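Please read them with the coordinates open.

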Amino acid sequence: MKATLQTLFALGRSDKAADRVVPPTGFTARLTLFAAAAMAFLAVFALALSLAAGRLATSWGDELARASTVRISAPDGQMAAQTATALRLLQQTPGVASARALSEAEQQALLEPWFGPDLPVAQLPVPQLIEVLETPEGYDPDGLRLRLQAEVPGAVLDDHARWRKPLIAAASRLRLLGWASALMIAATVGAMVTLAANAALAANAQVIAVLRLVGATDAYIARAFVRRFTLRALSGAAAGTVLGIGAVLLMPPAGETAGFLTGLGFRGWHWVVPLLVPPLAAAVAFVATAVAARRVLGGLS
């Protein structure tokens with residue numbers, strides 16, 4: 001524990017003599033910087049994906065849970081009467097905040113993506129749709145179905161339950177996938193830094209032997225490697241995070257009709273989340289290098 005605290009304090013101090021123990025350039029330096037930058041770039045997108053999926057699941061759940069649809073299929077002579085009866089029944093139902101029949105233009109707009117803008121809705125046997133918004137307490141869908149069946153034989157209530165549950169489940173799993181990807185990225189950073197630290201320690205075996213002869217302790221040598229690799233991972237991750245945030249900012253903005261891809265990004269306090277990537281990458285590098293240094297130095301004894 002004491003050695004770990006000394007290593008943490010050493011990160012903020014510049015020790016030129018200790019820094020010369022670790023090669024400032026070369027394969028291990030480039031590998032650490034590139035791995036940290038690339039993984040941080042991917043981590044930003046994984047976090048954006050996870051947070052966007054969470055917002056999407058919440059939005060779908062709230063919107064579909066509050067809205068229902070009554071579909072009325074009846075002959076032309078009875079459509080208006082059944083619609084009026086259904087509206088009166090819905091307005092008298094506890095838990096229903098509002099109910100309104102969609103206009104011909106609104107129904108045509110709903111069908112336009114599938115049939116085109118020139119669909120003659122008035123000349124086709126298209127059911128009349130009634131939009132139902134419920135109160136926070138909600139209504140009894142089974143009881144409402146029975147009342148509609150008794151008073152409006154051509155009415156069918158759709159409370160969107162069969163659509164809501166699969167959509168929310170899919171968005172929730174996508175959110176978990178994003179967090180799992182972030183954890184795998186952190187593990188990859190740790191593996192790459194461990195390989196780079198092992199290579200650097202092995203390449204400097206003779207230097208380490210000389211340092212031991214002149215009185216340098218293994219803790220001093222380990223701190224030098226840990227400091228250098230931690231700072232490399234921090235700087236590389238910072239560069240990757242900046243690039244990742246810039247790429248997220250280039251995504252199309254989310255509008256009123258935004259879908260999942262156009263809503264990919266950070267909102268509000270979520271912008272703090274990608275800023276945590278560089279220190280977390282540095283923490284992973286710190287632990288990985290400390291473990292590698294202890295194992296390799298123990299093997300060189």
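The points below go from the basis of the values to the cores, the ring contacts, the salt bridges and a surface patch.

1. Basis. The model is predicted: local features need pLDDT of at least 70, side-chain atom pairs count only at pLDDT 80 or more, and totals for chains, interfaces and linings use all residues. Residues are numbered from 1 along each chain as its sequence is written, and side-chain values use heavy atoms, with hydrogens and water left out.

2. Main core. A nonpolar core here is a set of buried Ala, Val, Leu, Ile, Met, Phe, Trp, Tyr and Cys residues joined through side-chain atoms within 4.5 Å. Buried stands for under 20% relative accessible area, exposed for over 50%, and partly exposed for what lies in between (1.4 Å probe, protein chains only). The largest core has 39 residues, and Ile-221, Phe-225, Phe-229 and Phe-266 touch the most other members. Two or more residues each come from helix 3 (27–66), helix 7 (161–203), helix 8 (205–213), helix 9 and helix 11 (277–300). Helix 3 gives the most, with 10 residues. Helices (H or I, at least four residues) and strands (E, at least two) are DSSP runs, numbered from the N terminus.

3. Another core, of 17 residues, lies apart from the largest one. Its members include Met-79, Ala-86, Leu-87 and Ala-155.

4. Aromatic pair. Rings of Phe, Tyr and Trp (its six-membered ring) pair if their centres lie within 6.5 Å; planes under 30 degrees apart are stacked, over 60 edge-to-face, and the rest tilted. The count by this rule is 1 aromatic pair. Phe-41 and Phe-45 form a tilted pair, with 5.3 Å centre to centre and 50 degrees between the planes. Both residues lie in helix 3, 4 residues apart, about one turn of the helix. Phe-41 is partly exposed at 29% relative accessibility, and Phe-45 is partly exposed at 24%.

5. Charge over a ring. The criterion is NZ of Lys or CZ of Arg within 6 Å of the ring centre and within 35 degrees of the ring normal. Arg-232 lies over the face of Phe-229, at 5.0 Å from the ring centre. Phe-229 is also one of the residues that touch the most other members of the largest core.

6. Salt bridges across the chain. A salt bridge needs a side-chain nitrogen of Lys or Arg within 4 Å of a carboxyl oxygen of Asp or Glu; the structure holds 3. In one, the closest N and O atoms of Arg-88 and Glu-151 are 4.0 Å apart. This pair links distant parts of the chain, with Arg-88 in helix 4 (residues 76–91) and Glu-151 in helix 6 (residues 141–151), 63 residues apart. Glu-131 and Arg-100 also meet in a salt bridge, at 3.2 Å from N to O. Here Glu-131 is in strand 3 (residues 128–134) and Arg-100 in strand 2 (residues 96–101), 31 residues apart.

7. Salt bridge within a helix. Asp-142 and Arg-145 form a salt bridge of 3.7 Å, N to O. They are 3 residues apart in helix 6, so about one helical turn separates them. Asp-142 is exposed at 53% relative accessibility, whereas Arg-145 is partly exposed at 30%.

8. Surface patch. Trp-269, Val-272, Leu-276 and Leu-280 form a nonpolar patch on the surface, with about 460 Å² of accessible area together. Patches are made of residues with over 30% relative accessible area and no salt bridge: like charges are joined within 9 Å, nonpolar side chains (Val, Leu, Ile, Met, Phe, Trp, Tyr) within 5 Å. Areas come from the Shrake-Rupley method with a 1.4 Å probe, and for residues only the protein chains shown count as cover. Trp-269 lies in the loop between helix 9 (218–249) and helix 10 (272–275), and is exposed at 61% relative accessible area.
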